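This report describes a ligand and the pocket around it. Please keep the sequence and the structure in view while reading.

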Amino acid sequence: MTDCIFCKIVEKKIPSNIVYEDELAIGFADVSPQAPVHILVIPRKHIPTILDISEEDSMLMGHLIEVCKKIARDKGIAKTGFRIITNCNPEGGQVVYHVHLHVLGGRQLHGPFG
Ligand code: AMP
């Protein structure tokens, strides 16, 4: 999608710090990190919100979780602990409308329910 910032990151039209990529997904550093490790994991495919995920995307979403696990291990936060967050629509705190999973860790995390 042409005006989606994360699609532009997927297409490498704007710079990002990519830590993982494969044919279905990429992981890159959040530009405004909220923890020592803050990586965004996104599908290459443009899906605006978690509500737009169809049954045919089930495998893709499972894959994104596998990517989060791999990144957590690679970043050394798997054993200490980490959090995976996805925000949906305005009151859920979603700002970028391309599905993404935040992987946060590297410090004690607090207040999981906003
Ligand atoms: P959300 O509020 O769940 O939609 O999260 C969007 C996230 O994208 C925020 O944590 C932003 O800091 C992050 N973000 C926005 N633009 C960029 C960018 N160009 N590169 C990396 N992260 C970004």
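## Residues around the ligand

The ligand is surrounded by 16 residues, of which the closest are Asp-30, Asn-87, Gly-93, Val-95 and His-100; a residue counts as near if one of its heavy atoms lies within 4 Å of the molecule. This is a predicted model, in which local features need pLDDT of at least 70 and side-chain atom pairs count only at pLDDT 80 or more, while totals for chains, interfaces and linings use all residues. Residues are numbered from 1 along each chain as its sequence is written, and side-chain values use heavy atoms, with hydrogens and water left out.

By class, the shell around the ligand holds 9 nonpolar, 6 polar and 1 charged residues. Here Ala, Val, Leu, Ile, Met, Phe, Trp, Tyr, Cys and Pro count as nonpolar, Asp, Glu, Lys and Arg as charged, and the others, Gly among them, as polar. α1 gives the most to this shell, with 3 residues; α1 and β2 each supply at least two. Helices (H or I, at least four residues) and strands (E, at least two) are DSSP runs numbered from the N terminus.

## Polar contacts and burial

Polar contacts are pairs of N or O atoms within 3.5 Å. A polar side-chain atom of Asp-30 lies 2.5 Å from an oxygen atom of the ligand. Backbone atoms also take part: a backbone N or O atom of Gly-93 is 2.7 Å from a ligand oxygen atom, and a polar backbone atom of Val-96 is 2.9 Å from an oxygen atom of the ligand. The ligand taken alone exposes 510 Å², and the protein buries 81% of that (Shrake-Rupley method, 1.4 Å probe).

## The largest pocket

The ligand sits in the largest pocket, meaning that more than half of its atoms lie within 2 Å of the pocket's grid points. A pocket is an open set of points on a 1 Å grid over the protein atoms alone, where a 1.4 Å probe fits, with protein on both sides within 12 Å along at least five of seven lines; lining residues have an atom within 4 Å of a point.

The volume of the largest pocket is about 630 Å³, taken as the space filled by probe spheres set on the points. Among its 32 lining residues, Asp-30, Ser-32, His-38, Leu-40 and His-102 are the closest to the centre. The lining comprises 16 nonpolar, 13 polar and 3 charged residues.

Methods: A polar contact is a pair of N or O atoms within 3.5 Å; within protein, one must be able to donate a hydrogen and the other to accept it, and residues adjacent in sequence count only if both atoms are side-chain atoms.
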